[in-house]
Amino acid sequence: MEMPRPTPLILLATSLLVLALPEPASCAYPVLIRVAKDPATSLYTIPTRDGHNHVIDLAGPLLWSTCASDHLPAAFSCNDTECRHANAYRAPSCRIAGQPCKKQCKAYPYNPITGQCAAANLVHTRFIANTTDGKNPLQQVSVRAVAACAPRNILASLPRDVTGVAGLSASGLALPAQVAASHRVSRKFMLCLPRRGEGVAIFGGGALFLLPESSMGDLTTTLAFTPLRSRKDNPLYYIPVQGIAVNQVQVPFPANALTAGGVVLCTRVAYTALRSDVYRPVVDAFDRALARNDAKVPAVAPFELCYRSSMLRNRLLGYAVPDIALVLEGGKSWTFVSSNSMVDVNSQTACLAFVEMKGVKAGDPSAVAAVVGGFQMENHLLQFDLEKQQLGFAKVPFSSACSNFNFTKTQ
């Protein structure tokens, strides 16, 4: 029996219904990028293409690099969305950034270490990465992006093989937003910073498995969560720290010491820096809890509390010293064991890896209370969910490390 053909009216109604349906969620795989630590500067870098690397900056609002022949000019006007994103955050040290826009958009990339900046044109560029299933690299992909084309003279103090900076803030022209737009993945990313070797950055969510897989499952299932906060005209990631504990005992602070200025995460800083009214109580509490005056040795700059390492008992996760924890909103804690609180400055000396902020007055609300540095974040899985505005955090098990991702096996 022959079926009746649909009338043009039915076809039109069906087409309109299809157009009205919401667009399905992306099935794209997350994007994987290797992360390395530069031993000379303690900065973290990612490869982009052709042997060029970019420093990653959690507070960076832009993707910028030195000008290259394959950059395609991007003729954005002053009123374009890309131009507004490019100028949403301006470094306080960049005086030229206050100039009004005239016809063609200008961006103002800046060096996160020296603060030096320059006026720059926006360009279309790309970088090479891989998709991933959380276990292995899968397919090589080209990620399209808008970047600022900067002069070479603002590369001072960055690692030798670096040609730019990849901002990881929540800005519209930072790397997370651009990868999400280019590959239709969610606006979240994971960082697993290595102490040595190569760690991982994964954009778009998904799982993460580190070797040996037999002893660990998907590490994202172990994440605890806390809100990610932001402040106007500031690209920094803030977390709601309500206290600091040493060996599970809360350290007494002056009223509002931690909330005045807040606590931020920063890959530009090698070691966690504490404002003086926070630093002194934490260091004194650690010293009392450890109670090893017999093992103390003279300070080694920039650290104050240093010990003869051979006199500190070892345990599974390093030296037998008190744990230090950030007490977060809701009663959760982000704990730093000795592998993230003690640094070997030489073969005989280990020091408490927290430093005092310089040039900042105690209790100054215009200065952050604490800057969580790279050393403390290493070998922790950090998930920045920019859609839910929350930070997931988990210590990588002692049997593995962020450098244990299987980069060699592909499908």
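A residue is called buried under 20% relative accessible area, exposed over 50%, and partly exposed in between (1.4 Å probe, protein chains only). The model is predicted, so local features need pLDDT of at least 70 and side-chain atom pairs count only at pLDDT 80 or more, while totals for chains, interfaces and linings use all residues. Residues are numbered from 1 along each chain as its sequence is written, and side-chain values use heavy atoms, with hydrogens and water left out.

**Exercise 1.** Determine whether cysteine 306 and cysteine 351 are buried or exposed, and describe their bond.

*Solution.* Step 1: cysteine 306 and cysteine 351 are both buried. Step 2: their sulfur atoms lie 2.1 Å apart and form a disulfide, that is, a pair of cysteine sulfur atoms within 2.5 Å. Step 3: the torsion about this S-S bond is about 105°, so the disulfide is right-handed. Step 4: cysteine 306 belongs to strand β20 (residues 306-308) and cysteine 351 to strand β26 (residues 349-352), so the bond ties together parts 45 residues apart in sequence. Strands (E, at least two residues) and helices (H or I, at least four) are DSSP runs, numbered from the N terminus.

**Exercise 2.** State how many disulfides the whole structure contains.

*Solution.* A search of the whole structure finds 6 disulfides.
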